[in-house]
Amino acid sequence: MKRFFKSLLAKYILIILIAIFLIQAAYFIIIFVFFNLIEDIDSPEDGQYSFSEIEEKWHQEASAIVSEEDVIQLFEEWQEVYPNASMFWVNEDGVLDIQSNLQENVPDQWDAAYTAEFLKRHYNNDPFTVVAFAGENEEDGFIVFQLERDVMKSLGQRLFDQYSWAIVTLTLGVVFIFIFLSLWFFRGIRKRLVYLQEAMEIRDTDGLPILIEEKKQDEIGDLEKAFNQMVQELRESREREQEEEQLRKELIANLSHDLRTPLTKINAQAYTLQKMDLPEEAKRSLKLASTSIEDVDKLIENLMSYTLLMASKYKKELKDLDMARFLRQYLATWYPVFEKEGFDVDVDIESFEQNIWEVDALWFSRILDNILQNVLRHAGDGKYIAVRTESTDQHDAIVITDKGKGMQTGSEQKGAGIGLSIVDMMVKGMYLDWEMDSTEQGTTIKIIRVKRVNN
């Protein structure tokens, strides 16, 4: 229950209750003010008679008039009941004789035409007008009673008409207060959510999100707490991963060193045996064993290089290198190897327009070594290799092509995965790029340098 009272739902329910309370309080204030205003309003015409009743009573009392004194007495009595009413008497000569609280401009002398026009103008209009003959004879003239129709409204109706603006103002005020409180409430929620979003986008030096401050114990506070817990778990996972990676690198380094020592001894014994006078079958077996030992040694070397590259401990020194000249000299060392294996070697090295490449010569030699070794492993059936240069408007490239069965088909020789991984890391480490297209008809590898745009 304590947690519920701290939740956003409880806070919003509180805002709604406050709005309802304000609406009720506003109406209570209006009712209180109205009851106080009733005592201050002088209004005998409180609707005790309807218009039809007033008209009937006026005709009844008018018929009892005999003299001027009766007219005066009638006007005085009705004036007490309806102080805002207007009354006047036009005598038998058509002269305006007696009047009481007359508010309309009427002529002193009346004729038949004006009388008809007066009756037409005030019929069923405002002010409410009643015309009755004085006495029992029409020759005695007529008396007129006039009263504003608003005066005859009930007290509640008149109060509403007079103070309805207050009701509307108070209601709108409550609505605006509710809107303001809601906006303030949701603005706070949005601000905290935006802060949480920004915190998720910020990265620490280790590439992980940063911890955020847990401000309140509500739903967003729970989200902040869960976010911090997730970040903490990620940090712990990253630390464990780094520890495991370090152990793996050390294990690979130690195994590489430990394996190369017995391989060297085995290779030395195989070399000694090859110098002895042995049968041809034994010599062929020794030769195959020596080749396998060399392959394992190269695999161990690749494994060591891969480990050093992953740990960013493989020394690199970028220098300007004449690439066309370097390729010609480098391929000259590999030509006898491919010739010995019966490969058809096609070399077409042309100088680039921008022939100076900023690379590490040892790294680049290692890249080419791994690629050419893979050609020997996987493209022995095709017996073909081509090395050429390629230039476009966007890049320069070194293209190596074979006619083997492709990298995907596999071969008796293994270890190409590590070799190509080393190629990838070294190429990108020298800010170059590379592409490989391998099918059953052959494999093409490009080492690409994007041309610089001279301003």
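This is a predicted model: local features need pLDDT of at least 70, side-chain atom pairs count only at pLDDT 80 or more; totals for chains, interfaces and linings use all residues.
Modeller: Residues are numbered from 1 along each chain as its sequence is written, and side-chain values use heavy atoms, with hydrogens and water left out.

Colleague: What makes a stretch a strand or a helix here?

Modeller: Both are DSSP runs numbered from the N terminus: a helix is H or I over at least four residues, and a strand is E over at least two. Strand 1 covers residues 86–90, and serine 86 is found in it.

Colleague: Why is serine 86 called buried?

Modeller: Buried means under 20% relative accessible area, exposed means over 50%, and partly exposed lies in between (1.4 Å probe, protein chains only). Serine 86 has 4% relative accessibility, so it counts as buried. Five of the five residues of strand 1 are buried, so the strand is largely enclosed by the rest of the structure.

Colleague: Which residues does serine 86 touch?

Modeller: Contact means heavy atoms within 4.5 Å. Leaving out residues up to four places away in sequence, serine 86 touches Ser100, Asn101, Leu102, Gln103, Val144, Phe145 and Gln146.

Colleague: How do you know that the side chain of serine 86 has a polar atom by the backbone oxygen of asparagine 101?

Modeller: The two atoms are 2.7 Å apart. A polar contact is a pair of N or O atoms within 3.5 Å; within protein, one must be able to donate a hydrogen and the other to accept it, and residues adjacent in sequence count only if both atoms are side-chain atoms.

Colleague: Why is asparagine 101 called partly exposed?

Modeller: Its relative accessible area is 34%, so asparagine 101 is partly exposed. Asparagine 101 is found in the loop between strand 2 and helix 5, and its phi is near 55°, a positive value in a residue other than glycine.

Colleague: How do you know that strand 1 pairs with strand 4?

Modeller: Two strands pair if DSSP finds at least two bridges between them. Five bridges join strand 1 to strand 4, running antiparallel, and phenylalanine 88 stands opposite valine 144 there. Strand 1 and strand 2 are also antiparallel, with four bridges. Methionine 87 has serine 100 of strand 2 as its bridge partner, and tryptophan 89 stands opposite isoleucine 98. These two strands form a hairpin with five residues between them, where glycine 94 in the turn has a positive phi of about 75°.

Colleague: What is the order of the strands in the open sheet?

Modeller: The four strands are ordered 2-1-4-3, with antiparallel pairing. Strand 2 (96–100) and strand 3 (128–133) are the edge strands, each pairing on one side only.

Colleague: Which peptide bond is cis?

Modeller: The one joining aspartate 126 and proline 127, with omega about 5°. Proline 127 lies in the loop between helix 5 (112–122) and strand 3.

Colleague: How do you know that the length of helix 9 agrees with its number of residues?

Modeller: The expected span of a helix is 1.5 Å times one less than its number of residues. Helix 9 (residues 323–340) has 18 residues and should span 26 Å; its end C-alpha atoms are 26 Å apart, which agrees.

Colleague: Where does helix 9 bend?

Modeller: At threonine 333, by about 35°, with proline 336 following within four residues. The bend at a residue is the angle between axes fitted to the seven residues ending there and the seven starting there.

Colleague: Which residues of helix 9 are buried?

Modeller: They are Met323, Ala324, Phe326, Leu327, Tyr330, Leu331, Trp334 and Phe338. Their cover includes strand 7 (356–359) and helix 10 (361–378).

Colleague: Why is arginine 449 called buried?

Modeller: Its relative accessibility is 12%, so arginine 449 counts as buried. Arginine 449 is in strand 11 (residues 442–450), and a polar atom of its side chain lies 2.5 Å from the backbone oxygen of glutamine 354.
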